[in-house]
Amino acid sequence: MEPNQSTATPEPPSPTTATSDDNGSPDSSPEVDFDRDTADLTLPLTPCWAVSDSHSPPPSPSRLNQSLTSPLEALALNNTASSISSLHGSLNASLSPPPSPCGLPLTLENLPPELLLHILWYLEPKFIVCTLGRVSKFFHALVSEPITWKIRMGKRWPRGQQYPPMEVPDDFNWQQACMEREETDRLWSDPKENIHHFTLDRHFATVDAVHLMQNGTMCVSGSRDRTAKIWDLSKLTPGEPIPNDAVVKSLELHRGWVWCLSSLDNTLCTGSWDTAIKLWDLNANCQLITSIKERSAVLCTQILPDILVAGSYDKRISIYDVRAEYQPITTLRQHQKPVLCVAADEDYIVSCSEDRTVKVWDRRACQIYKTIQLEKFCMSMWYGQGMLLLGDRRGQVHMYSTGDGGFEEIELFYFQTIEAHGNKVTGVHYTLGGLYTCSTDKTIKIHEPCSQPTAICTLAETKGEVADICVQAGVVASAHSDFSVGIWRPAM
């Protein structure tokens with residue numbers, strides 16, 4: 001063990017830096033509908049170079065003519081070759097627009113799909129979905145076609161990187177993925193202009209865990225001052241001091257460091273070095289629902305609709321029945337050192353430990369399904385969307401595909417090769433828009449969400465080491481050793 005370092009979980013009573021995971025979930029794409037009363041609406045044709053674009057400069061006339069008279073580039077996304085001819089066939093099958101009658105003005109619906117897509121390139125995705133998609137059946141069909149969004153992403157990110165990095169299911173929402181990726185790239189390419197930063201400083205000891213709830217409007221922070229504070233982020237105003245009423249509640253029933261946080265709907269779960277797991281009802285003024293006593297310090301928790309999973313310093317993984325007032329179900333005991341991270345879904349429980357292994361458990365059989373051996377133990381974990389991400393103490397992130405229960409390593413990238421962290425990765429989170437990581441090198445990185453990501457930006461507005469990170473609805477929260485909580489929120 002390294003004293004006074006944010007590395008492994010220390011011997012009680014002087015532990016070190018936190019590791020916890022979070023379960024943020026991406027927003028769903030907006031519902032698309034169209035107005036049948038305006039199905040024959042005629043739109044004037046606006047030159048595509050007259051529409052402003054935040055990503056690309058207006059094309060020169062020669063470049064414009066070249067792009068309009070030649071087919072769009074063939075795309076390779078997820079190892080599937082796509083071209084504009086696919087879109088031709090999809091639209092012509094049922095909603096091919098009629099030719100423009102002689103003497104009538106030219107309309108957007110009469111344009112060839114490759115020209116129309118070139119014009120759409122200069123429009124924001126939200127406008128295309130929420131406005132243009134409601135103009136007519138033709139535009140509704142165009143917006144609904146996955147190939148439309150694959151072509152758009154292939155033109156904006158043409159380097160041939162696999163996106164998403166794992167194999168996607170047949171029902172993968174390419175529209176939502178494109179919208180999230182473009183929005184994340186827009187926000188974090190210029191965070192000083194597009195992101196508001198706040199520093200919450202009501203703790204008087206190191207903050208080891210953060211957790212976002214209620215669509216990014218509420219933040220919970222756990223600290224070595226033995227409290228968990230609940231923050232109302234709607235009370236924060238850019239350029240103004242943090243108001244006192246921003247702290248909705250301070251939970252002070254733990255007798256040890258509050259080390260990990262998780263939630264399900266409005267139920268908050270806190271784990272502490274006092275060996276207790278406490279459940280709180282945020283709908284009832286944060287009243288205590290129940291308290292569960294473990295044998296050793298609680299280092300990580302994950303709560304689902306049917307089970308609560310907790311990893312402890314004594315190498316155990318405890319499982320409780322949420323629907324039976326948190327009665328114990330079973331205990332898993334295969335790790336040889338403290339359990340640092342846990343995650344679960346309806347099929348598996350995933351745990352990582354200081355023994356340099358990651359164990360995947362079959363939930364129904366309560367037996368080990370697979371063991372992943374690491375060179376260095378991981379300090380952070382994210383599990384979901386067909387991937388398992390592990391951040392270790394050498395500044396590396398290991399990426400595994402979990403499709404069909406494979407848990408096979410699909411990519412290993414070193415932070416120093418992508419201009420990222422040079423120290424321990426204490427937090428990792430993936431969305432369709434970006435890969436978020438934090439480290440004891442006092443920085444937070446936002447990377448492109450592809451197979452070989454490069455950093456979009458680096459956040460270094462704090463003097464303390466970053467112990468944890470959570471992302472929800474575009475809001476980023478971070479825990480720091482200088483007693484503070486960082487909040488990065490998109491500007492309205």
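**Helices, sheets and a buried threonine**

Helices α3 and α5 are roughly perpendicular to each other, a label given to angles of 65 to 115 degrees (under 35 degrees is roughly parallel, over 145 roughly antiparallel, and the rest oblique). Their axes cross at roughly 75° and come within 13 Å. Here α3 covers residues 113–120 and α5 covers residues 137–144. Axes are lines fitted to C-alpha atoms, for helices over the stretch in contact, and angles run from 0 to 180 degrees between N-to-C directions. From α3, the contact uses L116, L117 and L120. From α5, it uses F138, F139 and L142. Contact means heavy atoms within 4.5 Å.

This is a predicted model, in which local features need pLDDT of at least 70 and side-chain atom pairs count only at pLDDT 80 or more, while totals for chains, interfaces and linings use all residues. Residues are numbered from 1 along each chain as its sequence is written, and side-chain values use heavy atoms, with hydrogens and water left out.

Now the whole protein. It has eight helices and 30 strands. Both are DSSP runs numbered from the N terminus: helices are H or I with at least four residues, strands are E with at least two. Of the 492 residues, 56% are buried. Buried means under 20% relative accessible area, exposed over 50%, and partly exposed in between (1.4 Å probe, protein chains only). The accessible surface comes to about 21300 Å², and carbon and sulfur atoms hold 48% of that. These areas come from the Shrake-Rupley method with a 1.4 Å probe; for residues, only the protein chains shown count as cover. Among contacts with a separation of 6 or more, 53% are between residues 24 or more positions apart.

Next, a sheet. Strands β8, β9, β10 and β11 form an open sheet in that order, with antiparallel pairing. Two strands pair if DSSP finds at least two bridges between them. Strands of a sheet pair through backbone hydrogen bonds, either parallel or antiparallel. The edges are β8 (258–264) and β11 (287–293), each pairing on one side only. From one strand to the next, the twist averages 20°.

Six bridges tie β8 to β9. S263 stands opposite L268 in β9. The two strands form a hairpin with two residues between them, and D265 in the turn has a positive phi of about 55°. On to the next pair: β9 (residues 267–272) and β10 (residues 276–281) run antiparallel, joined by five bridges. L268 has W280 as its bridge partner in β10.

T270 lies in β9. Is T270 buried or exposed? T270 is buried, with a relative accessible area of 1%. Which residues surround T270? Beyond its neighbours within four places in sequence, T270 contacts A228, H254, V258, C260, L261, A276, I277, K278 and W280. The T270 side chain meets the H254 side chain at 2.7 Å. It also meets the W280 side chain, at 3.0 Å. A polar contact is a pair of N or O atoms within 3.5 Å; within protein, one must be able to donate a hydrogen and the other to accept it, and residues adjacent in sequence count only if both atoms are side-chain atoms. C260 sits ten residues from T270 along the chain, with 5.9 Å between the C-alpha atoms.

Another open sheet has four strands, in the order β16-β17-β18-β19, with antiparallel pairing. Its edges are β16 (339–344) and β19 (367–373). Neighbouring strands here are turned by 20° on average, direction ignored. β16 joins β17 (residues 348–353) through five bridges. V339 has S353 as its bridge partner in β17.

Finally, turn to β30 (residues 485–490). Six of its six residues are buried. In a regular strand the side chains alternate between the two faces of the sheet. In β30, V485, I487 and R489 point one way, while G486, W488 and P490 point the other. Strand β3 (residues 195–200) runs antiparallel to β30, with six bridges between them. There, H197 has W488 as its bridge partner. Strand β29 (residues 475–480) is also antiparallel to β30, joined by four bridges. A479 stands opposite V485. The β29–β30 hairpin has four residues between its strands, and F483 takes a positive phi near 75°.
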